[in-house]
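Trainee: Could we go through this one together? I would like to ask about a few places as I look around.

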Amino acid sequence: MRVEKFIENFAQTLLALLFSILFVSSFLFFFDINISSANYICAFLLSWAILVFFNKAPFKTLAYLILCTIFICFSFNYASGYTDYSFDGVKYHIPAVKQLAHGWNPFDINKAFIAEHEWIKYFSKGSWIIEATLINTFTKHSAWGAKSLNSILSICALFMTYSALTKLKVSNKVQIKGLIAFLCVYNTICLGQMHTFMVDGNLSCCIIILISSLIIWLKNKTTEKLSFLCMAICLLLSIKLSAIAYTLIIIAGGFLFVCNKEKKKYAISTLFTFVFALVVLNFNPICTNFYKFKNPIYPIGSKNIEILPQKDVPLKLRGKNTVKKFIISTYSQVSNNEDVILKNPLSITKNEGKCLNHETRVCGFGILWGLIFSLSLIVTLFLYKEKDFKNFLAVVALLFLSVFINPECWWARFVPQAWLFPIFVCSYALKKKHKKLAFVLILAMSLNFCLYFIVRYL
């Protein structure tokens, strides 16, 4: 119990600290105060004040915050040791982070669009703001360490997932819960982008953090747990514009399990947080885009700009609806070119390993994704007699709604939440004492994880 309590406290402290960094930096932008090491100090004190307000344990909270700072510092220094060679990272993520670290104020309407690359002007800046704060706090000589945000968020997601599985009583065994949480967080999207500035791994982790926070609150409906849920909403909305739709669906899903007495409190808190995150924390790009283009999510929805040019869509997927694109991608060989080659889900080809990287396209969840997806469907059919199966089916339906709402759901990094399907099925099977069914999925996901390294590097 002590270990589980430590894991939950550390994860929630880290979540509060990351939220505070984002909030403080965004708030100071309105007063034309640029990012500096003072931002981290203010965020440290703010998160301490928030946590103490709830737990009434100032010294214990301070110890956790110091531990989180040490972890962040270690992660930052470790990340400084390797270079990001990804196209997106070099093209606009690194320039954006450097500009913020060197004094760019994106909340100033007159300066909002001075960035050197088009996407920097219009896209969400949450991850960049946190990374710029880390640069000014831990070193001003190198920006490479800022990509440590990937590993920082992954640990937060890992611990939050473990806590959620504990609350759900999925298993009494620490090893089983730990393995499921690990496989949930360290999917191919997170692993592939761990050493880059790309934000899809961050998106994956923030979706997991939000869902885990929701589960924890549903099992313990205190104001403290609700505040962590709201912090998770703020983080997710600040990572990527597509997160707006994903967040709305997750929040809506929460209504299925909230009792009538709590629905009003839940609705007011989450919707207020949603609006606050968009208008204040995401003043740039939401408000600045609306000011210039009358479209808060520009360039999404613009007739003049293709977010994903057709030349980047494989020929066999062009003109297909989103469901067909997803299914074809799922049952194809891992690929990064125009060829889409359908394969037996049980087959493994060495060529696929060469395509597993930070932006793997077709079948981006790994060599055995087709097998894992098929097994998940089969296990789901075996569970249909359970009393609360309809609730589980509703959760799965909402998950796929969030996937298919994205027109390019065939590209795994755009919909990292699709990986949660086998995780949900596995957890539900374990909770309902169908251990053999769950272990089949765990084995398949574990093998998929191992193959990521074996086939890619050998």
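Predicted model: local features only at pLDDT ≥ 70, side-chain atom pairs only at ≥ 80, totals over all residues.

Trainee: Which residue does lysine 432 meet in a salt bridge?

Mentor: The side chain of lysine 432 meets that of aspartate 388, with 3.2 Å from N to O. The pair links distant parts of the chain, since aspartate 388 sits in the loop between helix 17 and helix 18, while lysine 432 sits in the loop between helix 19 and helix 20, 44 residues apart. Aspartate 388 is partly exposed too, at 27% relative accessibility.

Trainee: Why would two side chains pair like that?

Mentor: Side chains of opposite charge can pair when their charged atoms come close.

Trainee: OK, and how many salt bridges are there in the whole structure?

Mentor: A search of the whole structure gives 10 salt bridges. One of the pairs is lysine 177 with glutamate 4, where the closest N and O atoms are 2.8 Å apart. That pair also links distant parts of the chain, with lysine 177 in helix 8 and glutamate 4 in helix 1, 173 residues apart.

Trainee: Are lysine 177 and glutamate 4 buried or exposed?

Mentor: Both lysine 177 and glutamate 4 are buried.

Trainee: Which residues are linked in a network of salt bridges?

Mentor: The network links Asp88, Asp200, Lys240, Glu359 and Arg413. Within that group, the side chains of glutamate 359 and arginine 413 meet in a salt bridge at 3.8 Å, N to O. Glutamate 359 lies in the loop between helix 16 and helix 17 and arginine 413 in the loop between helix 18 and helix 19, so this pair ties together parts that are 54 residues apart in sequence. Glutamate 359 is buried, with a relative accessible area of 18%, and arginine 413 is buried as well, at 8%.

Trainee: Switching topic, which residues gather in a patch of positive charge on the surface?

Mentor: That patch brings together Lys169, Lys173, Lys219, Lys221, Lys431, Lys433 and Lys435. To take one of them, lysine 431 lies in helix 19, and lysine 431 is partly exposed, with a relative accessible area of 31%.

Trainee: And which residues form a nonpolar patch on the surface?

Mentor: Phe27, Phe30, Phe31 and Ile33 form a nonpolar patch, and together they have about 400 Å² of accessible area. Phenylalanine 27 belongs to helix 1, and phenylalanine 27 counts as partly exposed at 41% relative accessibility.

Trainee: What about glutamine 12, buried or exposed?

Mentor: Glutamine 12, which also has its place in helix 1, counts as buried because its relative accessibility is 3%. If you leave aside its neighbours within four places in sequence, glutamine 12 is in contact with Met160, Ile216, Lys225 and Phe228.

Trainee: One more: which residues of helix 14 are buried?

Mentor: In helix 14, the residues Phe283, Asn284, Pro285, Ile286, Cys287, Thr288 and Asn289 are buried. What covers these buried residues includes helix 5, helix 12 and helix 13. After helix 14 comes lysine 294, whose phi is positive, near 60°.

Conventions: Residues numbered from 1 in each chain as written. Heavy atoms only, no water. Patch = residues over 30% accessible without salt bridge, like charges linked within 9 Å, V, L, I, M, F, W, Y side chains within 5 Å. Areas by Shrake-Rupley, 256 points an atom, 1.4 Å probe, with all protein chains shown as cover. Salt bridge = Lys/Arg side-chain N within 4 Å of Asp/Glu carboxyl O. Lys, Arg positive; Asp, Glu negative; His and termini not counted. Charge placed at Lys NZ, Arg CZ, Asp CG, Glu CD. Helix = DSSP H or I, 4+ residues; strand = E, 2+ residues; numbered from the N terminus. Buried < 20%, exposed > 50% of the residue type's maximum accessible area, 1.4 Å probe, protein only. Contact = heavy atoms within 4.5 Å.
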